[in-house]
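Subject: Structure for you to look at

Hi there,

Here is the structure I promised to pass on. Please open it alongside this note, and I will walk you through what turned up.

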Amino acid sequence: MNDDAKAWYQSRAVWGALVAILASLANAAGVEVRAGDEGELADLLVAAVGTLGGLVALYGRILARRRVR
């Protein structure tokens, strides 16, 4: 495995593509999303997913049955 590899949810390109798809759907539904907003949304989602991952890891550690040495 390549050491430079990262999970799909850590990729700004993946989140950017998802935001672009969602922005297109929003525009079709009559909601205006500007191009600058798409980049900001992608950055926000990457940060939120990273935070959520950290919280899930912490929650798992708290509920673990074995102690950490």
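**How the helices cross**

The axes of helix 1 and helix 2 (residues 35–63) approach to within 9 Å and cross at roughly 125°. Helix 1 is therefore oblique to helix 2; angles under 35 degrees count as roughly parallel, over 145 as roughly antiparallel, 65 to 115 as roughly perpendicular and the rest as oblique. The axes are lines fitted to C-alpha atoms, for helices over the stretch in contact, with angles running from 0 to 180 degrees between N-to-C directions. Helices themselves are DSSP runs (H or I, at least four residues), numbered from the N terminus. The crossing of helix 1 and helix 2 is right-handed, that is, the near helix is turned clockwise from the far one by less than a right angle.

Before going further, some ground rules. This is a predicted model, in which local features need pLDDT of at least 70 and side-chain atom pairs count only at pLDDT 80 or more, while totals for chains, interfaces and linings use all residues. Residues are numbered from 1 along each chain as its sequence is written, and side-chain values use heavy atoms, with hydrogens and water left out.

**Salt bridges**

How many salt bridges does the structure hold? There are two, a salt bridge being a side-chain nitrogen of Lys or Arg within 4 Å of a carboxyl oxygen of Asp or Glu.

One of them joins R12 to D43, with the closest N and O atoms 2.6 Å apart. This pair links distant parts of the chain, as R12 is in helix 1 and D43 in helix 2, 31 residues apart. R12 counts as exposed at 54% relative accessibility, whereas D43 is partly exposed, with a relative accessible area of 35%. For these words, buried means under 20% relative accessible area, exposed over 50%, and partly exposed in between (1.4 Å probe, protein chains only).

Which residues make the nonpolar surface patch? W8, Y9, V14, L18, I21, L22 and L25 do, and the patch covers about 690 Å². Patches are made of residues with over 30% relative accessible area and no salt bridge, with like charges joined within 9 Å and nonpolar side chains (Val, Leu, Ile, Met, Phe, Trp, Tyr) within 5 Å. The areas come from the Shrake-Rupley method with a 1.4 Å probe, and for residues only the protein chains shown count as cover.

L25 is found in helix 1 (residues 12–28) and is exposed, at 56% relative accessible area. L22 is in helix 1 as well and counts as exposed at 54%. The C-alpha atoms of L22 and V33 are separated by 9.5 Å, with the two residues 11 apart along the chain.

Is A23 buried or exposed? A23, in helix 1, is buried, with a relative accessible area of 4%. From A23 to G54 the C-alpha distance is 27 Å, and they are 31 residues apart in sequence.

Best wishes

Note on methods. Helices (H or I, at least four residues) and strands (E, at least two) are DSSP runs, numbered from the N terminus.
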